[in-house]
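User: I am new to this structure and would like to learn how to read its pockets and its ligand sites. Please take me through them.

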Amino acid sequence: GDRIEVRALTKSYPGSDRPALAGLDLEVPRRRFVSLIGPSGCGKSTLLRVLAGLTSPDEGTVDLFGSGPRALCRAKAVGLVPQTPALLPWATVRRNVALPGRVNRRAGRGTDTVDELLEGVGLAHAARSYPHQLSGGMRQRVAIARAFALRPELLLMDEPFSALDEFTRESLQLQLLDLWQQRSTTVVFVTHSVQEAVALSDTVVVMAPGKVHRTVPVDLPRPRG
Ligand code: ADP
Ligand code: ADP
């Protein structure tokens, strides 16, 4: 199980006449950086939610490196950055990032400190703020730091940068590439920007409604860690 293997995945929402996913097949070898693109409503978010174990398929199988989605999630090996991240309103930024675990006071083998993570997303100054004191882009960055904190085997991101200004976006893109290159993280990244897909990923998966239309390798000479 050194890959993600999705077979004949079907998922319908109650009251909807057309399934959101209709017999989708997808294979992603470990350590790939896959971008998912396709028209609005073609099932990209639904696929991420199934991979994250947030919703179960109606039919089909999902194998994530030999585990099911829920098992991988329980092992804290899945990081999800949803389109609209939910932060704990009563917890500081620092606590929101530290909460899923896997962070230490001091940097150690295989862990980051909260301060390093916050610095990486440009939020060192906001460590003691509460979510309601932050802009939408800042909240998004907290969610990204929280997902990075897990050092997940599988990192799922749903248009994580689209609400950010250009400078923040560029710095987080670089940080994401760094995470991907330094660690054995497999990334599935939903974006509506073909340019972003090509710039970041090594594989672009183009979706048609409910299925994978085609898988296109991105042939860029980029170093890998
Ligand atoms: P994408 O992320 O590509 O825009 P989605 O996965 O969000 O696509 O949606 C796929 C289809 O499922 C769309 O037709 C959408 O309207 C429908 N859908 C998504 N979420 C729900 C929901 N919670 N209830 C009913 N239908 C939904
Ligand atoms: P748990 O041990 O809590 O059931 P799992 O991740 O093993 O956690 O399974 C969670 C749910 O996902 C179960 O309902 C199971 O039927 C489903 N499931 C597990 N593995 C797969 C798989 N490879 N393909 C499709 N569904 C799966």
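User: Which residues lie nearest the centre of the largest pocket, and how many line it?

Analyst: On a 1 Å grid over the protein atoms alone, a pocket is an open set of points with protein on both sides within 12 Å along at least five of seven lines, where a 1.4 Å probe fits; lining residues have an atom within 4 Å of a point. Here 17 residues line the largest pocket, and Val78, Leu80, Pro100, Arg146 and Leu150 lie nearest its centre. Two or more lining residues come from each of β5 (78-81) and α5 (136-149). Helices (H or I, at least four residues) and strands (E, at least two) are DSSP runs, numbered from the N terminus. This is a predicted model, in which local features need pLDDT of at least 70 and side-chain atom pairs pLDDT 80 or more, while totals for chains, interfaces and linings use all residues. Residues are numbered from 1 along each chain, ligands from 1 in the order written, and side-chain values use heavy atoms, without hydrogens and water.

User: What is the make-up of that lining by class?

Analyst: Ala, Val, Leu, Ile, Met, Phe, Trp, Tyr, Cys and Pro count as nonpolar, Asp, Glu, Lys and Arg as charged, and the others, Gly among them, as polar. The lining of the largest pocket has 13 nonpolar, two polar and two charged residues. In the second largest pocket, the lining has six nonpolar, six polar and four charged residues. There α6 gives the most, with five residues.

User: Which residues surround ligand 1, and which polar atoms lie by its oxygen atoms?

Analyst: A residue is near a molecule if one of its heavy atoms lies within 4 Å of it. Around ligand 1 these are Tyr13, Arg18, Ala20, Pro39, Ser40, Gly41, Cys42, Gly43, Lys44, Ser45 and Thr46. A polar contact is a pair of N or O atoms within 3.5 Å. An oxygen atom of ligand 1 lies 2.9 Å from a polar side-chain atom of Lys44, and a backbone N or O atom of Gly41 is 2.7 Å from an oxygen atom of the ligand.

User: What surrounds ligand 2?

Analyst: The shell consists of Gly60, Thr61, Val62, Gly68, Pro69, Arg70, Ala71 and Arg74. Its largest share, four residues, comes from α2. A backbone N or O atom of Val62 lies 2.5 Å from a nitrogen atom of ligand 2. An oxygen atom of ligand 2 is 2.9 Å from a side-chain N or O atom of Arg74.

Notes:
Polar contact = N/O pair within 3.5 Å; in protein donor to acceptor, adjacent residues only side chain to side chain.
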